[in-house]
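Welcome, and thanks for stopping by. Please take a look at the sequence and the model below before reading on.

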Amino acid sequence: MTIYQQELIRKLPQLGCEGRMDATDETLYITYQKEALCWQDRQGFLSYNGKFSSSEREEKLDVVKKAAAAIREY
């Protein structure tokens, strides 16, 4: 787990999300309300599938993206 992933996983509960680290591919998988939201690679970049079932999920993704970007800045 990288420092980017460690920092983000610590912040996820404050954002209403959960994270699970996959030791095989070293990816941090992020869920919101038990459904996949996005994932973070070792370099700290987020990836996600482009379509969500609700605007609430899109807003939550934006919050997570901002948190990840802030972590990458410091």
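## About the model

This is a predicted model, in which local features need pLDDT of at least 70 and side-chain atom pairs count only at pLDDT 80 or more, while totals for chains, interfaces and linings use all residues. Residues are numbered from 1 along each chain as its sequence is written, and side-chain values use heavy atoms, with hydrogens and water left out.

## Overall fold

Let's start with the layout. The protein chain has 2 helices and 4 strands, where helices (H or I, at least four residues) and strands (E, at least two) are DSSP runs numbered from the N terminus. Read from that end, the order of elements is α-β-β-β-β-α. The radius of gyration, 11 Å, is close to the 11 Å that the globule rule gives for 74 residues, so the chain is as compact as a globular protein of that length. Here the radius is taken over C-alpha atoms, and the rule is 2.2 Å times the number of residues to the power 0.38.

Along the principal axes, the C-alpha atoms fill a box of roughly 30 × 25 × 20 Å. Of the contacts between residues at least 6 apart in sequence, 35% join residues at least 24 apart; a contact means heavy atoms within 4.5 Å.

## Surface and charge

The accessible surface of the protein chain is about 4900 Å², and carbon and sulfur atoms account for 48% of that. These areas come from the Shrake-Rupley method with a 1.4 Å probe, and for residues only the protein chains shown count as cover. Buried residues are 34% of the 74 in the chain, with buried meaning under 20% relative accessible area, exposed over 50%, and partly exposed in between (1.4 Å probe, protein chains only).

As for charge, there are 11 positive and 12 negative side chains, and the centres of the two sets lie 2 Å apart. Lys and Arg count as positive and Asp and Glu as negative, leaving out His and the chain ends; each charge is placed at NZ of Lys, CZ of Arg, CG of Asp or CD of Glu.

For C17, the nearest cysteine sulfur is that of C38, 7.3 Å away. C17 is buried, at 5% relative accessible area, and C38 is buried too, at 2%.

## A loop residue

S54 sits in the loop between β4 (46-47) and α2 (55-73). With a relative accessibility of 26%, S54 is partly exposed. Between S54 and Q33 there are 12 Å in space, C-alpha to C-alpha, and the two are 21 residues apart in sequence.

Technical notes:
Disulfide = S-S within 2.5 Å.
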